[in-house]
Amino acid sequence: MKRVLSAVVFLPLFWLIVKRVGSLYDALIAAAALLALFELYRMTEIRARRGLCLTGAAVTLLYLASFAWPGWPLHDAILLGLFALPIAAMARGGDLRGVLADVGAAFFGATYIGVLFGYLLGLRALHDPPKGDETGSDLVFLLFFVVWSSDTAAYFVGRALGRRPLAPRISPRKTVEGAAGGIAGAVVAAFVARAWFINRLTPADCVALGFGLGAIGMVGDLVESMLKRSAGVKDSARLVPGHGGILDRIDSLLYAAPLLYYYYLLAMRTA
């Protein structure tokens with residue numbers, strides 16, 4: 001019930017933000033990215049290494065900037081990470097054992113969060129003049145609508161019909177039946193989106209995107225579950241009622257956003 005109520009309250013508000021207040025959307029994505037980064041850092045031993053965490057946050061923001069402002073090259077963020085994170089570890093001093101693991105975790109976290117959240121900004125920045133200026137906002141809402149519909153369908157189908165485990169070592173409660181229900185829910189959601197707000201989708205697009213976003217979203221969910229299991233935690237945080245932390249709520253979207261981004265560029269863009 002908490003999952004459903006959270007979605008009912010949040011979706012209309014999110015629609016207004018995406019469609020009408022783009023600058024607020026960008027700010028929310030940046031804030032969510034930083035929260036997710038520190039959730040990820042809390043799962044690791046570097047959570048107490050303030051210099052590494054703050055440097056990782058700066059690298060993450062630079063990644064996001066490269067998507068928000070395409071003139072800012074992505075390799076600048078990579079370069080900052082490669083230079084600054086080892087220096088931050090060196091400046092802290094103390095026992096050098098584990099420094100390589102700390103720097104690796106800090107760089108991975110900043111890149112994982114910064115690049116994948118960056119595609120959520122990159123999607124909204126897309127535009128197609130023949131189709132008007134609503135392209136980017138339509139794509140963002142399509143992404144959230146399809147992936148969250150898939151998550152919800154997988155949850156309820158899995159609870160009702162789930163028998164065969166999908167990935168028992170990583171997430172014992174996920175089932176093959178739930179995964180099938182999630183993909184079916186994503187396809188249905190894509191057709192609903194076509195009728196509701198993005199009629200430029202063809203039936204073939206609905207099937208391809210429903211299947212693709214539903215499947216890759218589950219992969220993103222499993223990746224985050226693997227990271228949590230390795231850290232021995234159940235949720236990344238307790239921030240969103242019924243959903244855990246920001247990373248728990250948005251893990252599926254992080255893998256789905258690049259897929260939709262490149263599908264649009266390769267198969268949907270008209271100019």
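**Contacts of E177 in the predicted model**

E177 touches V157, L161, G162, R163 and R164 when residues up to four places away in sequence are left out, a contact being defined by heavy atoms within 4.5 Å. The model is a predicted one, in which local features need pLDDT of at least 70 and side-chain atom pairs count only at pLDDT 80 or more, whereas totals for chains, interfaces and linings use all residues. Residues are numbered from 1 along each chain as its sequence is written, and side-chain values use heavy atoms, with hydrogens and water left out.

E177 belongs to helix α7, which spans residues 176–196; helices (H or I, at least four residues) and strands (E, at least two) are DSSP runs numbered from the N terminus. At 17% relative accessibility E177 counts as buried, since buried means under 20% relative accessible area, exposed over 50% and partly exposed in between, with a 1.4 Å probe and protein chains only. A polar atom of the E177 side chain lies 3.0 Å from the backbone nitrogen of R163, and the C-alpha atoms of E177 and Y155, which are 22 residues apart along the chain, are separated by 9.9 Å.

The protein chain comprises 9 helices and 2 strands, arranged from the N terminus on as α-α-α-α-α-α-β-β-α-α-α. Of its 271 residues, 49% count as buried, and in helix α9, which is mostly covered, 17 of the 23 residues are buried. Among contacts in the protein chain with a separation of 6 or more, 70% are accounted for by residues 24 or more positions apart.

Notes:
Polar contact = N/O pair within 3.5 Å; in protein donor to acceptor, adjacent residues only side chain to side chain.
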